[in-house]
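Welcome! Here is a short tour of the inside of a protein chain, one part at a time. Please have a look at the structure first.

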Amino acid sequence: MTGNETIVDYLTSVPAWYLATCEGDQPHVRPFSFAALQDGEIWFCTATTKDVYKELEENPKFELTAWRPGRGWIIMRGKADLADRANAEVRRAGFEHMVGLGESWDDENDPRLTFFTVQDPHAWLCDIDGTWTPIEL
């Protein structure tokens, strides 16, 4: 399993994971729950109308984390690449996921719905004993 496959497997095995951005000097953390692979890259879904998107436009650095009992937690850092190049399969999966959460979209091509990936990622699997094991990306 590749590093990106490991990350997507981990993120999709929990009900929610958390993505942090900054607005000026104020950190913001919010739950996310969609991650998918396309051509070996991890893709996330949000909306151009959400604060998280505007914050990533202003400062593309982000960090995400998730915890799964018995597996420690995962941390990934990087810069958001907001150029939406999601293919039809990822776009359809993201649309269905977001609708399943109760959000309302016209269809998978709704211009408000957007997908982003990560540049310069670094990731670790972490344990309560203080161990940070790098994930090869």
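## Around Phe62

Leaving aside residues up to four places away in sequence, Phe62 touches Leu19, Ala20, Thr21, Phe44, Leu56, Met76, Arg77, Gly78, Lys79, Ala80, Phe116 and Val118 (contact means heavy atoms within 4.5 Å). This is a predicted model: local features need pLDDT of at least 70, side-chain atom pairs count only at pLDDT 80 or more, and totals for chains, interfaces and linings use all residues. Residues are numbered from 1 along each chain as its sequence is written, and side-chain values use heavy atoms, with hydrogens and water left out.

## The cores

Phe62 is also among the residues with the most contacts inside the largest nonpolar core, which has 25 residues. Such a core is a set of buried Ala, Val, Leu, Ile, Met, Phe, Trp, Tyr and Cys residues joined through side-chain atoms within 4.5 Å. Its largest share, 4 residues, comes from helix 1. Apart from it lies another core of 12 residues, including Phe34 and Trp43.

## Helix 2

Helices (H or I, at least four residues) and strands (E, at least two) are DSSP runs, numbered from the N terminus. Val52, Tyr53, Glu55 and Leu56 of helix 2 are buried (under 20% relative accessible area; exposed is over 50%, partly exposed in between, with a 1.4 Å probe and protein chains only). Seen down the axis, these buried residues fall within an arc of 165°, so they line one face of helix 2 (the arc is that of the directions from the helix axis to the C-beta atoms). On the other side, Asp51 and Glu58 are exposed.
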